[in-house]
Amino acid sequence: MPRHSKSTQTSKIISHTDDGTPIVNVTLSQIRKGQPTKKGALVRIPQVAERSKCYEEAAKVIGEREALALPYHGGRMWKCEVKLSDAAGAHGSNFTLKSATDTESATKGRKSCPTPLFRWYRHSLQLATLPHILEDIVEVSHKMGNKKKWISLSNDDDLDSSDEEWEEPLPSQNVMEISTLTTSAYEDSTHPLPFITRSWISPDLQRFNTRKAAIAHSEELVERDLLIDRILFGYGKNGVRLRPVKPARKAALEAGMARFLRDGLWIVGQEEMWIEKRREIYNRKTMRLLNQDKQNLNGDHLQSTLSGLTSRQESSSENSGGSCAVEKSADDHTVREADKNLSINSPSNKVASATSRASDESSDWPKCDRTFGSSKRLLEAVLQSNGIDKCVRIKVSVNESTDSNVKKAKMPNTVTPNDSDASWNSEHATPTTIPKPRSRLSYIEPLPLSTHYRLNSEQIEKCYAACIGHYERVMFTVKARSLHHELSDGFDVLRERGKGRYDMELPEFDTEEYSFLTDSKIAAWMPIIHKILGDDAILVHKGCFLSLPGSETQVYHQDGVHLNKKFQKPCHAVNVFIPLVDYDMTNGPTEFCLGSHYIGHENFVKEMVYTPCVTAGTPVIFDYRLGHRGLRNYSKNCRPVVYLTYSSVASGKEFRDSVNFSRKRYRKLGEFVEKPPSREERAKRRRLEE
């Protein structure tokens, strides 16, 4: 038989679907060459290995669609482990099987069983029912809208970034149109669908075996994100910027805990960091809107009002046999001049100035001109709508006739809103449209920063003096005993953590004078520690980091590893960093990689970096497993930071880090060499003795 006869026979139609669509077999040669067997026909793959490859590709597509159907959480996506198999022994998945036993059990099957159908799609074979499987995956709707990229928050200046930094919705990927061929394979009763097993893994590494449970958990994560955005960053639903209002302490604790679970970081006072910046933005917006109102009032409404006043005056003068004219003088303010002096910043100042100028003259309104009285009230309403309580004076003279000698009557200098013309009915007033004032807009005063959970200024100065003094005494002792070579290996009270960086243990911190740091009943930040670790949290270690001017950037690291590398366990220890100077990007603050406390996300990711610049005495609390590093100190000053390590007690055994906190690894420095007094100190001592 010729060599090509086998290919010709396998290309023949072997059966049909329920609606008459032809089904053909495919050979390995046709699969490798990407050569379709017959147009408009479905394909059956006899080879188990080739079907397994197609199942693996389908599992990747299904897993990606399942992951995109659920919302992000902290910049991390959901994962979906998908496994496809059939009764004939073929299987494929988008993850690695755990053991060889699972692989052997998956390959067992009956070869005579009918297998799913495939189709040629872009020069390769694909599961024919895949478009229908993807159609059944419905994207979960949520309230996040165009969610802000957390990866863009490199520092606190980005908390009030422009709207252009809000990401667009992700475009739908792996779009596969349903055709008559795929529908025929989906509805065929002879060839079944492959067995599909799904397992969802959330961004916080929780596993779910049903889509319903995964969706329920995703809604909880979305609610956490909404709480974090609202309280800590000032953004509402769909990215709307909220009015700067200081949240309650209980709400701040709930939002802080939500962010700690998601990012592994808790910054004391983080709920207030956006308020001052948002207050400036809100006040600028208020000024801009009020300026628009002023321009509209100046350009259109006030001009029409003035023309109406003039026409009414002329008609009233003709009817009464006299004339009503508006006089201009150096001492009097016209309406146009008054409009130029309108100010939205402090209307009370303009009212006071108008009142002071108005006190120079006094007279009575002309009782003969009632039309102008109603126009006066109209002008009052117009100016009141712009925030002015009292109208500016207008000087008017009325001449009855040229033959009779009648004294001129003048308008009073000021008109209050309470003034009214009792002799004139309001029904004669000409109706007009008055712009509504923006009463909902107001100037927001600066809010005082809270002082809870922080060190006060006296405690900061005391800790600063202790840290600098300890460093100077250790260095003087090293110099006096010529221990420069041993300094690189470290001592029990001072260890080098990089060029220009030192980790110091201060004996002073064990005294009662510094109980505000070590006593769990007095320390200001203990409510946060108890919320994270529980009421049985204990202090494991304490000390001070000192970064000298010119110190280099630290190597990215985690202080501790996971207690269980297979499953994500709750936080077992935290670090509390308390800077003793104000942080800025020049003196080398600590840089954190958000979310790196989760298994599988430990690596440094530049897009997830966040560097909090806090004030002196503000604690920065983070998970012991969170990746971080100290940046280079470009300033000319030292940057001391007090650190405290707390751990939770489980089964009567507390967590201990023998690698970082063991004194046995380092040489004992011994007693400090006392520094001799300086010349000034010796002179002062002699004066006291005399």
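Q: Buried means under 20% relative accessible area, exposed means over 50%, and partly exposed covers what lies in between. Is Leu 205 buried, exposed or partly exposed?
A: This is a predicted model. Leu 205 sits in the loop between β8 (195-201) and β9 (207-208). Its relative accessible area is 27%. That value falls between 20% and 50%, so Leu 205 is partly exposed.

Q: What is the phi of Leu 205 near?
A: Most residues other than glycine have a negative phi. Leu 205 has a positive value, in a residue other than glycine. Its phi is near 60°.

Q: Is His 123 buried or exposed?
A: His 123 lies in the loop between β6 (118-120) and β7 (125-127). Its phi is positive, near 65°. Relative accessibility is 68%. The cut-off for exposed is over 50%, so His 123 counts as exposed.

Q: Is His 132 buried or exposed?
A: His 132 is found in helix α5 (residues 130-135). Leaving out residues up to four places away in sequence, His 132 touches Ile 178, Thr 182, Thr 183 and Tyr 186. Its relative accessible area is 8%. The limit for buried is under 20%, so His 132 is buried.

Q: What distance separates the C-alpha atoms of Ser 93 and Tyr 55?
A: Ser 93 is in strand β5 (residues 91-93). Ser 93 is buried, at 9% relative accessible area, and, not counting residues up to four places away in sequence, it touches Glu 56, Ala 59, Val 82 and Lys 83. Tyr 55 is 38 residues apart from Ser 93 along the chain. Their C-alpha atoms are separated by 6.9 Å.

Q: Which element supplies the largest share of the largest nonpolar core?
A: This core has 49 residues. The largest share is 9 residues, and it comes from α13.

Q: How many residues does the second, separate core have?
A: In soluble globular proteins, nonpolar side chains tend to be buried together. The residues with the most contacts inside the largest core include Met 504, Trp 525 and Ile 529. The second core is separate, and includes Val 24, Val 43, Trp 78 and Val 82. Its residue count is 33.

Q: Is α8 parallel, perpendicular or oblique to α16?
A: Leu 253, Glu 254, Met 257 and Phe 260 in α8 meet Ile 528, Lys 531 and Ile 532 in α16. The crossing is right-handed. The helices pack at about 50°, with axes 11 Å apart. That angle makes α8, relative to α16, oblique.

Q: Where is confidence lowest, and where is it highest, in the chain?
A: The mean pLDDT of the chain is 76, and 67% of its residues reach 70 or more. Over residues 145-173 the pLDDT is below 50. The lowest confidence is a mean of 38, in strand β12 (residues 396-399). The highest, at 97, is in strand β19 (residues 620-623).

Notes. Residues numbered from 1 in each chain as written. Predicted model: local features only at pLDDT ≥ 70, side-chain atom pairs only at ≥ 80, totals over all residues. Heavy atoms only, no water. Core = buried A, V, L, I, M, F, W, Y, C linked by side-chain atoms within 4.5 Å. Buried < 20%, exposed > 50% of the residue type's maximum accessible area, 1.4 Å probe, protein only. Helix = DSSP H or I, 4+ residues; strand = E, 2+ residues; numbered from the N terminus. pLDDT = per-residue confidence, 0-100. Contact = heavy atoms within 4.5 Å. Axes fitted to C-alpha atoms, helices over the stretch in contact; angles between N-to-C directions. Parallel < 35°, antiparallel > 145°, perpendicular 65-115°, else oblique. Left-handed = near helix turned anticlockwise from the far one by under 90°.
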